[in-house]
Amino acid sequence: MKTIALLIGALALASTSASVDLSKVKRIEELDEFWAQLDPHLQMHRGTKMAPDSRIVNGEEAQPGQFPYQALVLSFFENGNSGLCGGTLLTQNFVMTAAHCVVIGSLATHGTVILGAHNRQIVEDTQQRIDFGTINAHPNYSASLLRNDIATIQLATPAVFNAVVQPIDLPAVSDDRTFAGLTGIISGFGRTSDETGSPASDVVMFTSNPILTNADCQSAWNAILIQAQNICLSGEGGRSVCNGDSGGPLAVRENDRSLQVGIASFVHSSGCASGFPAGFVRVSHYLTWIGENSDVVLRN
Ligand SMILES: *[C@@H]1O[C@H](CO)[C@@H](O)[C@H](O)[C@H]1NC(C)=O
């Protein structure tokens, strides 16, 4: 059976951004509530090495500032649980992430976005730690089937752009490419190994692989899970996203800029490094929604 593992992490602390204790951060996939909402055939992977949140596997450490659009998203829930995910900076006021990072039963009550981070365990001079304002999860997000797994978060105060904090470009509305065959770059603080209990990465990691056609991705998975709303990255070489990378970017390089084509959503339950394609939300499928739920100016 083809089953999925989600790329989230959970952290068990409730605090304000001024005192976020990253040493206590856990991946969202470690939360009971997170698993309870999944279909039974997905829940059976609970407690296996494929818990739903992980980081880049078989990648390498980024240079500080190499991914100025990379965000760390810490979400806090009413029962005291909190989760660690990735995200991307869209504008001074909005970050984009996966819906499963901010909805577990109910919407996160609050949270913190960290921009400009290389080592999340240190309060680096470059970091901007900003509280969540409004959270906008897609109204048709299905937590049990991982459909419409997209959300935007308004920042309580605007980010300040500089060399290590910059927004990412989104595809133009008229851009009808599937991006298949292009090199997709993934980045994040997710775990670096499938080993049980492996923690989230302290530093930003990245790797790359070819983007697949949806037909090829369906051959590996199936046509029920992989739909027009998804985009897949080859898992060759065991290079992939893993728990804690959820909500983070799949990007392509174009004219010396980065274009976000996907949002990390799920991997195969046999392991992040299993070689199976990873599933992402297809950004170009949701441009209208993103435009309506942020202040990003869409390009025609
Ligand atoms: C959610 O689903 C309903 C019913 O299919 C549809 O009418 C609506 O447009 C969808 N909302 C969004 C934002 O896609």
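Select Gln70 and Ser187 to begin: in this predicted model, their side chains form a polar contact at 2.7 Å. Gln70 belongs to strand 5. Colouring Gln70 by accessibility will show a relative accessible area of 5%; Gln70 is therefore buried, since that value falls under the 20% limit.

The core as a whole contains 64 residues. To find the members with the most contacts inside it, display Met96, Leu115, Ile150, Leu155, Leu170 and Ile290. In soluble globular proteins, nonpolar side chains tend to be buried together.

Now colour the model by domain, with residues 3–51 and 68–155 as domain 1 and residues 183–285 as domain 2. At least three residues of the core come from each of these two domains.

Finally, move to the ligand. Which residues surround the ligand? Show His138, Pro139, Asn140 and Trp289, which make up its surroundings. By class, this shell comprises two nonpolar and two polar residues, with no charged residue. Within the shell, pick out Asn140: an N or O atom of the Asn140 side chain lies 2.2 Å from an oxygen atom of the ligand. A surface drawn on the ligand alone corresponds to an exposed area of 360 Å², of which the protein buries 29%.

How values were computed: Residues are numbered from 1 along each chain as its sequence is written. This is a predicted model: local features need pLDDT of at least 70, side-chain atom pairs count only at pLDDT 80 or more; totals for chains, interfaces and linings use all residues. Side-chain values use heavy atoms; hydrogens and water are left out. A residue is near a molecule or strand if one of its heavy atoms lies within 4 Å of it. A polar contact is a pair of N or O atoms within 3.5 Å; within protein, one must be able to donate a hydrogen and the other to accept it, and residues adjacent in sequence count only if both atoms are side-chain atoms. Accessible areas come from the Shrake-Rupley method with a 1.4 Å probe; for residues, only the protein chains shown count as cover. Ala, Val, Leu, Ile, Met, Phe, Trp, Tyr, Cys and Pro count as nonpolar, Asp, Glu, Lys and Arg as charged, and the others, Gly among them, as polar. A nonpolar core is a set of buried Ala, Val, Leu, Ile, Met, Phe, Trp, Tyr and Cys residues joined through side-chain atoms within 4.5 Å. Buried means under 20% relative accessible area, exposed over 50%, partly exposed in between (1.4 Å probe, protein chains only). Domain bounds come from an automatic or database domain assignment. Helices (H or I, at least four residues) and strands (E, at least two) are DSSP runs, numbered from the N terminus.
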